[in-house]
Amino acid sequence: MTKILYNQFDKSLISSLPLASFEGRIVVVLSESEAQKAVDYLLSCPILGVDTETRPSFKRGCQFKVSLLQVASKDVCFLFRLNYLGLSPSVIRLLEDKTTPKIGLSWHDDLNGLCKLGNFSPGYFIDLQDRVKEVGIEDLSLQKLYANMMGKKISKRQQLSNWERDVLDEKQKLYAATDAWACIQLYEELMRLLESHDYQLIIKKEVKEND
């Protein structure tokens with residue numbers, strides 16, 4: 001069946017869509033020894049999804065550093081708590097790896113944030129925002145992209161929670177894992193559509209207030 005895509009997805013329709021969430025195992029990484037094992041596993045996988053979280057600031061001029069790096073395979077997501085771990089040798093090995101494709105969204109911004117924690121040379125990363133244009137999609141947010149391409153809703157309720165709290169709660173863990181895992185789903189679906197051309201793009205013009 002031909003998939004219908006929109007250059008711009010109607011945000012008002014998202015709330016009615018079924019919820020998508022990561023159903024695999026979530027592992028919190030706090031030490032270098034844990035990070036070493038996690039990275040060994042992750043770099044054995046054929047594809048990874050990546051994302052970061054930063055504690056939100058509600059004061060002008062106050063900005064926190066990246067708190068969390070989440071990296072998911074299709075079955076397991078590791079949450080690297082960088083506010084405890086920093087850019088440890090294993091985290092740097094993961095970030096500099098040039099073999100395993102790592103899919104992110106607005107990943108250029110994430111890399112800028114990670115570079116503020118230490119020096120490393122970014123490896124093999126693919127930013128979905130650069131690739132979805134190939135099918136004519138103009139949306140750049142994860143929520144709108146996932147609704148457009150997968151027909152499901154990604155919850156953003158935990159986005160502004162405190163990512164530096166002593167222990168992340170289950171809702172935070174699931175939110176973080178889902179964002180990273182969703183990048184894999186989107187990329188594989190995008191590659192399928194580009195190969196099969198089995199989609200139809202509907203152009204929706206943005207309505208101006210004065211029109």
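Rings of Phe, Tyr and Trp (its six-membered ring) are paired here if their centres lie within 6.5 Å; planes under 30 degrees apart count as stacked, over 60 as edge-to-face and the rest as tilted. By this rule the structure holds seven aromatic pairs. The structure is a predicted model, in which local features need pLDDT of at least 70 and side-chain atom pairs count only at pLDDT 80 or more, while totals for chains, interfaces and linings use all residues. Residues are numbered from 1 along each chain as its sequence is written, and side-chain values use heavy atoms, with hydrogens and water left out.

The protein contains seven helices and eight strands. Helices (H or I, at least four residues) and strands (E, at least two) are DSSP runs, numbered from the N terminus. The C-alpha trace spans about 55 × 40 × 30 Å along its principal axes. The radius of gyration, taken over C-alpha atoms, is compared with a globule rule of 2.2 Å times the number of residues to the power 0.38. For 211 residues, a compact globule would have a value near 17 Å; the protein has 18 Å, which agrees.

Burial was assigned from relative accessible area: buried is under 20%, exposed is over 50%, and partly exposed lies in between (1.4 Å probe, protein chains only). Buried residues make up 45% of the 211 residues. The accessible surface comes to about 11,400 Å², and 50% of it belongs to carbon and sulfur atoms. These areas come from the Shrake-Rupley method with a 1.4 Å probe; for residues, only the protein chains shown count as cover.

Contact means heavy atoms within 4.5 Å. Among contacts between residues at least 6 apart in sequence, 73% join residues at least 24 apart. Charges were also placed. Lys and Arg count as positive and Asp and Glu as negative; His and the chain ends are not counted. The place of a charge is NZ of Lys, CZ of Arg, CG of Asp or CD of Glu. The mean positions of the 28 positive and 29 negative charges are 4 Å apart.

In one of them, the rings of Tyr-41 and Phe-78 have centres 5.8 Å apart and planes at 55°, so the pair is tilted. This pair links distant parts of the chain: Tyr-41 belongs to helix H1 (residues 32-42) and Phe-78 to strand S5 (residues 76-81), 37 residues apart. Tyr-41 is partly exposed, at 29% relative accessibility. Phe-78, at 9%, is buried.

Tyr-146 and Trp-181 form another tilted pair, 6.5 Å centre to centre with 40° between the planes. Here too the pair links distant parts of the chain: Tyr-146 is in helix H6 (residues 142-150), Trp-181 is in helix H7 (residues 170-196), and they are 35 residues apart. Both Tyr-146 and Trp-181 are buried. With Phe-22, these two residues form one aromatic cluster.

Helix H6 is mostly covered, with seven of its nine residues buried. These are Leu-142, Gln-143, Leu-145, Tyr-146, Ala-147, Asn-148 and Met-149. The buried residues of H6 pack against strand S1 (3-6) and H7. Gly-151 follows H6 and has a positive phi, near 70°.

The loop between H6 and H7 holds Gln-158. Gln-158 is buried, with a relative accessible area of 17%. Apart from neighbours within four places in sequence, Gln-158 contacts Trp-163, Asp-169, Lys-171, Gln-172 and Tyr-175.

In helix H1 lies Ser-33. Ser-33 is partly exposed, at 47% relative accessible area.

Most residues other than glycine have a negative phi. Ser-106 is not a glycine, yet its phi is positive, about 55°. Ser-106 sits in the loop between strand S6 (102-104) and helix H4 (107-115). At 19% relative accessibility, Ser-106 counts as buried. His-197, also a residue other than glycine, has a positive phi near 60°. His-197 is placed in the loop between H7 and strand S8 (199-202). His-197 counts as exposed, at 58% relative accessibility.
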